[in-house]
Amino acid sequence: MFIDTHCHLEDENFSADRADVLNRARAAQVERIINFGSTMHSSIAVAELAENYAELYAGVGIHPEEIDDFDAATCNRLADLAANKKIVAIGEIGLDYHWEKDSERRLIQQRIFIEQLDLARQLKLPVCVHDRDAHADTLKILQAEARDLRGVLHCYSGSLETAREVWKLGWYIGVDGPLTFKNSAKLPEVVKAAPLELILIETDAPYLAPVPYRGKRNEPAYVVEVAKKLAEVRGETLKEVAAYTTANAKSLYRL
Ligand code: NI
């Protein structure tokens, strides 16, 4: 079996055919799926989906591009949602410097990231981190603030050097569709060097569909394409990849 450890099935792209999407996931042996919120609204939505479908779990959190409404009450509201057993993580949280160029606002992203790491610590939950073009600051914050936390750098896009520091913390890297792209840059090298106990597979659906679906809407069934590529790059069988990535997901998220 496979576990899609990061997706966004609450997205409106799935409103018309969510049940079909889940059926295709089941048929592809993708037996568990973790949806992540990025706003309060989507965090509530992923929590509701997790209540309604046995195979769905969820993480709640405020994404770095969505921090405008973050206030003193936000963490309390996230904590209330996280009281539900099927909420297995805080996320996705982190830093996004791709879209945010203003240095003052980047500092606000950092403060809110740290506040949500504190929340995860209080709730004893693992963390799913979004890091886009912010590798140095993300690593610095994890090294300073998250040594006692478990988590994953989802949709990993950093260097091998950074990955080695992430692994030293006992943190995971999440591998997605870009591994299957021709221009996957440093990712195959990172994935080849990764300790097998620190790799997760994910789709980030509806975004980043793997080859041969590149450019289309992504969905959890396609996580198998990521697993196939992982097997090819690392010289393993698909069965081996399925076994260790599933064990890793269960271990991190206590599924
Ligand atoms: Ni995501």
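**Helix packing and a nickel site in a predicted model**

Helix α2 (residues 40-52) and helix α3 (residues 74-82) have axes that come within 11 Å and cross at roughly 5°. Helices are DSSP runs of H or I with at least four residues, numbered from the N terminus, and axes are lines fitted to C-alpha atoms over the stretch in contact, with angles from 0 to 180 degrees between N-to-C directions. The crossing angle makes α2 roughly parallel to α3 (angles under 35 degrees). Met-40, Ser-43, Ile-44 and Ala-47 of α2 meet Thr-74, Arg-77, Leu-78 and Leu-81 of α3, contact meaning heavy atoms within 4.5 Å. These residues divide into five nonpolar, two polar and one charged.

The model is predicted: local features need pLDDT of at least 70, side-chain atom pairs count only at pLDDT 80 or more, and totals for chains, interfaces and linings use all residues. Residues are numbered from 1 along each chain as its sequence is written, and side-chain values use heavy atoms, without hydrogens and water.

The nickel ion is coordinated by His-6 (NE2), His-8 (NE2), Glu-92 (OE) and Asp-204 (OD), at 2.1 to 2.3 Å; donors are N, O and S atoms within 2.8 Å of the metal (3.2 Å for Na, K and Ca). Along the chain, the donors follow the spacing H-x1-H-x83-E-x111-D. His-6 is buried, with a relative accessible area of 0%, and His-8 is buried at 5%; buried means under 20% relative accessible area with a 1.4 Å probe, protein chains only.

Thr-138 lies in helix α5 (residues 135-145) and is buried at 0% relative accessibility. Leaving aside neighbours within four places in sequence, Thr-138 is in contact with Leu-95, Phe-113, Val-129 and Asp-131.

Key: Buried < 20%, exposed > 50% of the residue type's maximum accessible area, 1.4 Å probe, protein only. Helix = DSSP H or I, 4+ residues; strand = E, 2+ residues; numbered from the N terminus. Parallel < 35°, antiparallel > 145°, perpendicular 65-115°, else oblique. Nonpolar A, V, L, I, M, F, W, Y, C, P; charged D, E, K, R; others polar.
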